[in-house]
Amino acid sequence: MTITKEHILRLLEEVCDPEIPVLSILDLGIVRDVVLSNPIEIIITPTYSGCPAMDAIAIDIKLRLAEAGIKNTTISYVLNPAWTTDWMSERGKEKLLAYGIAPPVGLASRVNNLLFEEQTHIVCPLCKSNNTELISEFGSTSCKSLYKCNDCKEPFDHFKCH
Amino acid sequence: MSTMHFSKNINNVLHLADSALILAQRNSEWCAHGPILEQDIAITNITLDLIGQARNFYQYAASLINSTNQKNETEDTLAYLRTEREFLNLLICELPNVDWAHTVVRQFLFSSFQQQLFLALQENTDDAIQAIATKSIKETNYHVKWSAEWVIRLGDGTLESRERTLNAIEALWPYTGEFFTNEPTDMMDVSLLKKAWLDKITNVFLEASLSVPENIFMHSGGKKGVHTEHLGFILSEMQYLQRMYPGAQW
Ligand SMILES: [Zn+2]
């Protein structure tokens with residue numbers, strides 16, 4: 001069997017973020033490159049410096065590839081360029097919304113950190129209203145903030161533009 | 001582990017890692033004790049970012065040490081097996097928690113400093129430092145925003161919240177001089193960061209109707225490994241497991 005980059009990428013499509021299992025690591029945009037060297041090198045980048053999912057993701061990648069018979073692999077990490085939500089695929093954003101998490105809106109480079117300014121027009125994943133407000137800048141994980149919907153009254157996670 | 005003598009930048013990389021780790025350890029004491037659930041989650045998420053930054057700096061420091069001293073250091077040995085005098089964190093990071101005002105004022109003073117530092121280090125000639133700074137600053141910007149909002153909320157809040165904020169500033173300000181004192185091992189002149197830092201602090205304090213203390217005595221020593229009595233207690237808790245069960249893993 002000749003291993004191609006496409007073959008590996010297809011397998012990586014089946015490796016999911018342990019915190020948000022509807023997103024594959026390709027949807028999330030954390031796979032930076034696959035190098036067909038010996039061992040095969042999978043280069044990933046963390047979403048946040050302290051993301052506890054990274055170690056689990058590295059193990060899952062090795063396991064998935066090993067199941068497919070590709071056992072000689074190594075995972076390496078790069079920090080630069082820093083991961084941004086701009087790398088999340090459109091399909092990933094749709095999957096997030098369907099899962100109940102409002103996807104990032106807009107470009108990361110446009111994020112301003114003006115005090116008391118909150119991102120508006122975050123769509124409620126439940127009733128699709130955009131009459132929503134920020135509860136907390138930090139949600140269940142670093143990458144998410146917590147919003148509530150003023151129409152259906154449900155709280156929900158929002159994947160921050162970062 | 002014997003007393004370490006490292007070449008130029010290694011001590012500075014350790015200093016950056018130690019400050020992030022020790023403040024993270026302090027902040028983690030809030031876990032499950034925050035004033036409200038959302039803010040408990042906020043401070044622990046900030047803490048997680050700091051641990052991540054510390055890990056990146058420790059991993060790099062370990063690679064530098066191993067390549068120059070033929071040792072076998074890892075992020076874990078550096079965090080868990082160095083002694084008090086070998087830690088090079090800023091003193092402000094090790095001071096005990098007092099109340100929520102103290103925690104948010106410290107976070108604001110420290111994160112605003114980190115923000116200027118990472119901005120400058122993004123231009124550093126060392127690729128690894130540049131990468132860590134570029135990664136960290138996006139998180140730090142959030143920490144500054146969050147803590148500045150809290151300083152304003154409390155400083156310009158009730159009589160009691162204002163009183164507590166004033167006490168926190170009085171207690172913490174004497175530890176901010178150390179941000180801008182250089183050690184021979186520093187990879188940049190940190191005194192250059194002072195103006196931008198002070199501008200930021202002054203603006204937020206103004207908004208919170210708080211004033212910036214002037215010309216008071218400044219403590220230092222952390223960057224040289226000379227600490228307050230509080231660091232030993234942090235390390236004995238943080239390092240307990242590795243000291244008790246050397247090499248334990250899970
Ligand atoms: Zn709704």
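Tutor: We begin with a definition: two strands pair if DSSP finds at least two bridges between them. Helices (H or I, at least four residues) and strands (E, at least two) are DSSP runs, numbered from the N terminus. This is a predicted model, in which local features need pLDDT of at least 70 and side-chain atom pairs count only at pLDDT 80 or more, while totals for chains, interfaces and linings use all residues. Residues are numbered from 1 along each chain as its sequence is written, chains are lettered from A and ligands numbered from 1 in the order in which they are written, and side-chain values use heavy atoms, with hydrogens and water left out.

Student: Which residue in β2(A) is the bridge partner of D33(A)?

Tutor: The partner is I43(A).

Student: In what sense do β1(A) and β2 of chain A pair, and over how many bridges?

Tutor: The sense is antiparallel, over four bridges, and β2 of chain A covers residues 40–44. The two strands form a hairpin, with four residues between them.

Student: What is the order of the strands in the open sheet?

Tutor: Three strands of chain A form this sheet in the order β1-β2-β3, with mixed pairing. β1 (31–35) and β3 (73–77) of chain A each have a single partner strand, so one side of each edge strand is left without a neighbour in the sheet. On average, neighbouring strands are turned by 20 degrees against each other, direction ignored. Axes here are lines fitted to C-alpha atoms, for helices over the stretch in contact, and angles run from 0 to 180 degrees between N-to-C directions.

Student: Which strands does helix α1 of chain A lie across?

Tutor: Helix α1 (residues 5–12) lies across β1 and β2 of chain A, at about 140 degrees to β1(A). Helix α3 (residues 53–67) of chain A lies across β2 and β3, at about 155 degrees to β3(A). Contact means heavy atoms within 4.5 Å.

Student: How many helices and strands does chain A have?

Tutor: Chain A has four helices and seven strands. Along the sequence, their pattern is α-α-β-β-α-β-α-β-β-β-β.

Student: Now the salt bridges, please. How many are there over all chains?

Tutor: The count is 20, where a salt bridge is a side-chain nitrogen of Lys or Arg within 4 Å of a carboxyl oxygen of Asp or Glu. One joins the side chains of R64(A) and E14(A), at 2.7 Å from N to O. This pair links distant parts of the chain, 50 residues apart: R64(A) is in helix α3, and E14(A) is in the loop between α1 and α2 (25–28) of chain A.

Student: How many salt bridges cross the interface of chain B and chain A?

Tutor: The rule finds two across that interface. The side chains of D55(A) and R55(B) meet in a salt bridge at 3.8 Å, N to O.

Student: And how many residues of chain B are in contact with chain A?

Tutor: There are 30 residues of chain B in contact with 28 of chain A. The two chains bury about 2,500 Å² between them, 59% of it on carbon and sulfur atoms. Buried area is the accessible area (1.4 Å probe) that two parts lose on being put together, summed over both. K135(B), Y142(B) and K145(B) supply 29% of the area that chain B buries against chain A, more than any other three residues.
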